[in-house]
Amino acid sequence: KAAQKVVELYDGKLPADYDALLGLPGIGDYTAGAVASIAYQIPVPAVDGNVLRVISRLTENEEDILKQRVRKRIRSQLLEIMPAGAPGEFNQALMELGATVCVPNGSAKCGECPLAEMCGAKLHDRLDEIPVRKKAKERRIEEKTVLIIQDGEKVAIRKRPSEGLLAGLYELVNFDGHLSENEVLERM
């Protein structure tokens, strides 16, 4: 879809504009930033997991990198320090550091890192703790008895309450718990 749009709107050439790249199907912040900075020297950060790890460790940032506001703040900070004449090289250097040196799970190769002397996580022996990625809440498993009530080709559905999980959506008729046929008939 992105290729078709590039052919239709941009004569088959990727646009030299961050926002235009971001508007292409399947192109997110990271890819748009990487293409814009590397191919067109546009000063925009390319922030992926590797870059988040490098910056979080350097600054000893204890915030959850999975939160969008944290990613936005890191992106803004990078924009402030990005060298105007070499944004692509800057982004590639951070990506490469995260991919080959400042690797995950505390197994960083600090001896090979040109930034090791200024890295907060290394200086305070916190490589196993940073970056912070809070675990998603454990999935709640519910037992339900779901009914498929048919009249010919028609199937009975009902609207969920206007508040709570999946508010206002439609669902098959169901009851909490694992009910026997007699228990279902008693509730109908």
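The lining of the second largest pocket has nine nonpolar, two polar and no charged residues. This is a predicted model, in which local features need pLDDT of at least 70, side-chain atom pairs count only at pLDDT 80 or more, and totals for chains, interfaces and linings use all residues. Residues are numbered from 1 along each chain as its sequence is written, and side-chain values use heavy atoms, without hydrogens and water.

**Second largest pocket**
- About 150 Å³ of space lies in this pocket (an open set of points on a 1 Å grid where a 1.4 Å probe fits, with protein on both sides within 12 Å along at least five of seven lines; lining residues have an atom within 4 Å of a point).
- Its lining includes I55, L58, Q77, F90 and L115.
- Helices α4 (49–59), α5 (68–81) and α6 (87–101) each supply at least two lining residues (helices are DSSP runs of H or I with at least four residues, strands are runs of E with at least two).
- The largest share, four residues, comes from α6.

**Largest pocket**
- The largest pocket holds about 190 Å³ of space.
- Four nonpolar, one polar and five charged residues make up its lining.
- Among the lining residues are R140, E142, K144, R160 and Y170.

**V155**
- V155 sits in strand β3 (residues 154–155).
- V155 counts as partly exposed because its relative accessibility is 39% (partly exposed lies between buried, under 20%, and exposed, over 50%, with a 1.4 Å probe and protein chains only).

Terms used: Points joined across faces, edges and corners; volume = space filled by probe spheres on them. Nonpolar A, V, L, I, M, F, W, Y, C, P; charged D, E, K, R; others polar.
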